Amino acid sequence: MTTRTPEETATAAEPLRALLWDALLAGDEYAAADLLFAALDDGLTAEEALLDVIGPVQAEVGLGWAANRLTVVQEHAATAMNDRIIAALAHRSPPPGEERGRIAVACVEGEWHALPARLLAETLRLRGWRVDFLGAQAPTPHLIAHLHQTGPDLVALSSSIPTRLPAAHAAITACQAAGVPVLAGGAAFGTDGRYARLLGADGWAPDARAAAEVAAGGLGVPSGAVAHEPVDDLPHLVDQEYTLVSRGRTQLVRETVDGLADRFPAMRDYTERQRERTAEDIAHVVDFLATALYVDDDALFTSFLTWTAGILDARGVPARSLTPALELLGGPLRDFPRATRLLGRGRAALAPLTGG
């Protein structure tokens, strides 16, 4: 079979992506699978189907939800169909006979977005690896037990949500202490892998193809094989701000929601469901604040706030409600220098978007 250039692959995949998108929106899983099977018969490789068709379409599904063009139910349904189509492709495309080695692919504890990890697992399998795909939300103690039982060459650890970075750090450290190197990937680790490096991962890759290349080259002996504490990697944690904000999350959210009606009068007319959604939004703000304290990175917090402002605007909710929420959070955190700095940077980032 003739190898396609990246340009040829993109040209071949573009109409397939449009057809897959239409089939997913129509809820027609069989049509979606049939068009990919036909493309395989016409010369598209299984890896191209996974990474140049399904992967980009799934990204569009996420963007559609963020822009309020798709409901949560539509997003979930499309994701589930893509997951089943990947399974069907896996059974249609057997891996090479000789195995390169063994890799465990897992999502960080608390991470439920499993499709990126699934795409990686199938790509590695197609390239000759024996893959243990451990799915979403793999508790770290169970992951470590699996490593001791199976002895893989490496762990590919996936996370899409930055608030899972503290859990990722614990998993990275535990895997390395078990003698297994860690390859990190997913949006949570940053577009440039900065958080993977910060948390001591042995390698990072921006996508499945790059991860497969890193795996093929090997990661050697894990860099953190000697047991150590998070503060050894992140000395700023000694101030305890992350720990105190995390432990005080419930009270911080409650006090902020209670005070918001006075700062944002429109909230007085909210329904009970709208108040619940507001509390959920404030909880996310506190979670990202805590995570930014963990990695000591202002940009993680400010980028979340500007993204959230866009999400709220797309849903007809005034994004300016975020600013008084940050001000209210500043009260109980006034003796926390790094948290105070982050909240100030957050207000400054929102100002151009909210007229502040």
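1. Helix H6 (residues 140-150) has as its buried residues Thr140, Leu143, Ile144, His146 and Leu147. These lie on the same side of H6 because they cover an arc of only 155° around the axis, the arc being that of the directions from the helix axis to the C-beta atoms. Buried means under 20% relative accessible area, exposed over 50% and partly exposed in between, with a 1.4 Å probe and protein chains only. Helices (H or I, at least four residues) and strands (E, at least two) are DSSP runs, numbered from the N terminus.

2. The model is predicted: local features need pLDDT of at least 70, side-chain atom pairs count only at pLDDT 80 or more, and totals for chains, interfaces and linings use all residues. Residues are numbered from 1 along each chain as its sequence is written, and side-chain values use heavy atoms, with hydrogens and water left out.

3. On the face of H6 turned away from its buried side are the exposed residues Pro141, His142, His148 and Gln149. The cover over the buried residues of H6 includes S1, S2, S3 and helix H7 (165-177). After H6 comes Gly151, with a positive phi near 60°.

4. Strand S1 (residues 102-107) is mostly covered, with six of its six residues buried. In a regular strand the side chains alternate between the two faces of the sheet. In S1, Arg102, Ala104 and Ala106 point one way, while Ile103, Val105 and Cys107 point the other way.

5. What does S1 pair with? S1 runs parallel to strand S2 (residues 130-133), joined by four bridges, and Val105 stands opposite Phe133 in S2. S1 also pairs in the parallel sense with strand S3 (residues 154-158) over five bridges, where Ala106 has Leu157 as its bridge partner. Two strands pair if DSSP finds at least two bridges between them.

6. Ser159 sits in the loop between S3 and H7 and is buried, with a relative accessible area of 0%. Not counting residues up to four places away in sequence, Ser159 touches Val108, Glu111, Arg164, Gly185, Gly186, Ala187, Ala188 and Phe189; contact means heavy atoms within 4.5 Å. The C-alpha atoms of Ser159 and Ala184 are separated by 8.1 Å, although the two are 25 residues apart along the chain.

7. Thr302 belongs to helix H14 (residues 298-314). Thr302 is buried, at a relative accessible area of 17%. Not counting residues up to four places away in sequence, Thr302 touches Arg345, Gly346 and Ala349.
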